[in-house]
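This report walks through selected features of one protein chain, from its overall make-up to particular side chains. Please keep the sequence and the structure at hand while reading.

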Amino acid sequence: MPHWLLAHSQLRTLRPLQRRIPVNALRLVSTASKDKQDPAKAARDTDKLDALLSSIGVEQLAADQPRVVENAPVYSKDEADAIKPSSNEEPGESQRSGARSKMVKQRDPVVVHDAIYPIQHNKWYRLDPAEIQLTQIGSSHVCRVPRLAHGLERVLFSPGVHLLQDPNSRVYNFDPYIRGITQPDEFDFDKLTPYITSSKDLTLTEYARSRKKRFVGSTSSMTHILSHLYFAISGGKQPDISSLSMAFADQPARFTRGMRYPASIALRYRDGVYSIDADKSFDVKDSILSVLGKSLEKLLTSTPSEFEMYKKQNSWKVKEIPDENYHYVEAGEFVMRSQLDCRDDRLPRKTFDLKTRGSLAVRMDIQNHEVSKGYQIKTMKGRLQSFEREYYDMARSAFLKYNFQTRIGNMDGIFVAYHNTARMFGFQYISRREMDEVIFGNERTGNHAFKMILLLLGNLLRTVTDQYPKKDLRVTFDSFAPQQPQMWVEVIDDEKEAIALQQYQETGQFSTAATAATSTPAANVSDADPFAGSDPLDSKATENDLSEDMSDMDVDPADDVYVNTEHPILHYTMDVFSTLNGQDTGEPVTLHDKSDTWTINWKLNKSTWQPDVAAERYKQLRLRQSTYFERAAPDTPDEELSPMVKILRRISRRDLWRNKPPKERIVVNRSRLPRGKAMARYRADLPSKRIVSPATIKILKKQQSEATPSQPPSHPQDPASKP
């Protein structure tokens, strides 16, 4: 290392010791660090400094063994020589991190190492996205993937939200059959293809074993932990919501608390391969949204007559359950699987994902969905009851996971169906490029970030599996403090886990402290602004704020949370920062030019806590996980609800009657002619001047005869639509 660079690092190291170090010693350091053009003089000053430091008892820093400074940038020895500034360089020029980047704070350089396994404690490593590539494995059977039905395919090629029914003319833009949603007690879910976890997918395991890969996983089990690793490398980057209206100008742009709550995975070992399964220790009950998601996917890809067969009274007609269609890909240490929901050959990547998005009231008050389903989406823009509100929430809570799913499955985007569990409101196609611009800034930045996250996850999982080889492990990632993400490792005991799971299913929680930690007294809640309130996971929150938010959870009843302490609980922390175009920064990074280069530097630190201390802190973390899934019960008085939920319940009760099918003549917009069999049906309807197909009319008349709205429709029949 050059003498001027060593002296500069010594000066930073000696600053905390200024009171007991002579002034002439500090002057020697300062002089040596400035004599960059006179190596001989710098060497003499460094030798004098070493002699002076040894005389006062300060450890000498050898030139061939540079000191690793905490939170310092990372350079190799060759890079340190290369960044030596020239004499004609303008002041401040070396601090720039690119033509379009902001000024970054100058850091002291330390030694970096390529990410060659094994990873050593407290040692800096570099992640380069060029080291990993995503390669498809086998055949994805795209030809067997279903298509959209009911004329919904035109949404794929027209940006924006497409209303199911025009609020002004009451004309349907799509088949009115999909307006009403079949409830779970009416649908036979046993006739759908069952979900197979990664540990039970023999094809996935065989692919990994034949390619000598160590880990396998699916999109549903990996995307949450990938999101936590993105928080670690992104430098606090927030979604870009600048395209929304002024109604959201003063709303937070950060990721939601649901994205940052601790995420756990279960590593299941089998014949040399670790399978990544989602940890369901606390999320043991399927919510109404997850249940309806399965039936709604079938609704959107089936004709009315085909979907009717899956209702319980007709399910005996379903003779065969089709196989699921998967896309397999290998990258680094992983073989990953993605389910293919739908396809259209006109799209660049042919396939896309189906997402059924429950309304704001249903998500906020999911235990009370029988009332919250009255919440209606009426307008395009606005803070409540608008499609813009649903898009705003998706950008902060779901876009990151959706984006990772489309990348693993090589899909073109997502098709979103907006509903309130009782009726459908509209549809929107969001491409992967649009999500890239909201989350990462552009597609190239997203590609680099995703590859580096996979590299980082592979190194982390190899490290923990080597600590406990050939054992089932629970690995938990926590971004409660975004500046220093944490990782916890617990050995799974299946027998005791089953007992603890049964207890949780019967009682709903492990400790009585959970309710006290999450409930908010009415006296402490302000009714002024339901959108106000601090987020304890905000990156700007102070340590005092975080400790106050956690104080209610630090109670003795947390001992009731089951943790396997037969093997020590492992705890790790990570330090991460970026290098953009050769300059180090802790700020968010966006790649604007093709020549921009971005690498991640990271360091893994293993805690030295005593086993009982680590176990106690891990129990507090598990308690925080368990309380996240708790929501207000349907019989909770309004006085004990948060201001937001209180307003949403009032709106839902007011508009609940609107879910009933209207008793008015059904008019469908046929300006866009359908294709294939739908075209033949359309032509057959022309002579008799029918508006919709006979099967749809029969089903809708039956629904109208069974339903009697409690109030008249708010929109009178359009005189122009009368025959």
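Two strands are said to pair if DSSP finds at least two bridges between them.

## The chain as a whole

The secondary structure of this predicted model comes to 22 helices and 20 strands. The chain has 723 residues, of which 50% count as buried, and it exposes about 34700 Å², with carbon and sulfur atoms supplying 49% of that area.

Among the contacts between residues at least 6 apart in sequence, 77% join residues that are at least 24 apart.

Strand β18, which covers residues 570–580, is mostly covered, with 10 of its 11 residues buried.

β18 and β19 form a hairpin with 2 residues between them, and Asn581 in the turn has a positive phi of about 55°.

## An open sheet of five strands

Elsewhere in the chain, 5 strands form an open sheet in the order β6-β15-β14-β13-β12, with mixed pairing. The edge strands are β6 (161–163) and β12 (342–343), each of which pairs on one side only. For β6 the partner is strand β15, residues 424–431, and these two strands pair in the antiparallel sense over 3 bridges, with His162 standing opposite Phe427 in β15.

Helix α13, made up of residues 399–408, lies across β13 (351–358), β14 (413–419) and β15, and runs at about 155° to β13. Phe427 is also a member of an aromatic cluster, which it forms together with Phe174, Phe352, Phe415 and Tyr429.

## Aromatic pairs

A pair of aromatic rings is described by the distance of the centres and the angle of the planes. The structure holds 24 aromatic pairs. In one of them, Phe215 and Tyr274 have ring centres 5.8 Å apart and planes at 35°, so the pair is tilted. Because Phe215 lies in strand β7 (residues 215–218) and Tyr274 in strand β9 (residues 273–278), this pair ties together parts that are 59 residues apart in sequence. Both Phe215 and Tyr274 are buried.

Another tilted pair is formed by Trp488 and Trp609, whose ring centres are 5.9 Å apart and whose planes meet at 40°. Trp488 lies in strand β17 (residues 486–491), whereas Trp609 lies in the loop between β20 (598–606) and α19 (611–628), so the pair ties together parts that are 121 residues apart in sequence. Trp488 has 4% relative accessibility and therefore counts as buried, while Trp609, at 31% relative accessibility, counts as partly exposed.

## Lys237: a buried lysine in a loop

Lys237 is placed in the loop between α6 (219–233) and α7 (257–260). Its relative accessibility is 14%, and because buried means under 20%, Lys237 counts as buried. Which partners does the side chain of Lys237 have in polar contacts? A polar atom of this side chain lies 3.0 Å from the backbone oxygen of Val589, and a polar contact of 2.7 Å joins the side chains of Lys237 and Thr590.

Leaving aside neighbours within four places in sequence, the residues in contact with Lys237 include Tyr230, Phe255, Ile439, Phe440, Gly441, Thr445 and Pro588. Lys237 and Glu587 are 350 residues apart in sequence, yet their C-alpha atoms are 7.9 Å apart in space.

## Asp472: a side chain that reaches a backbone nitrogen

Asp472 lies in the loop between α15 (443–467) and β16 (473–478). The side chain of Asp472 reaches the backbone nitrogen of Tyr269 at 2.9 Å.

Apart from neighbours within four places in sequence, Asp472 is in contact with Leu267, Arg268 and Tyr269, and also with Glu490, Val491, Ile492 and Asp494.

Technical notes:
Residues numbered from 1 in each chain as written. Predicted model: local features only at pLDDT ≥ 70, side-chain atom pairs only at ≥ 80, totals over all residues. Heavy atoms only, no water. Helix = DSSP H or I, 4+ residues; strand = E, 2+ residues; numbered from the N terminus. Polar contact = N/O pair within 3.5 Å; in protein donor to acceptor, adjacent residues only side chain to side chain. Contact = heavy atoms within 4.5 Å. Axes fitted to C-alpha atoms, helices over the stretch in contact; angles between N-to-C directions. Buried < 20%, exposed > 50% of the residue type's maximum accessible area, 1.4 Å probe, protein only. Areas by Shrake-Rupley, 256 points an atom, 1.4 Å probe, with all protein chains shown as cover. Phe/Tyr/Trp six-rings, centres within 6.5 Å; stacked < 30°, edge-to-face > 60°.
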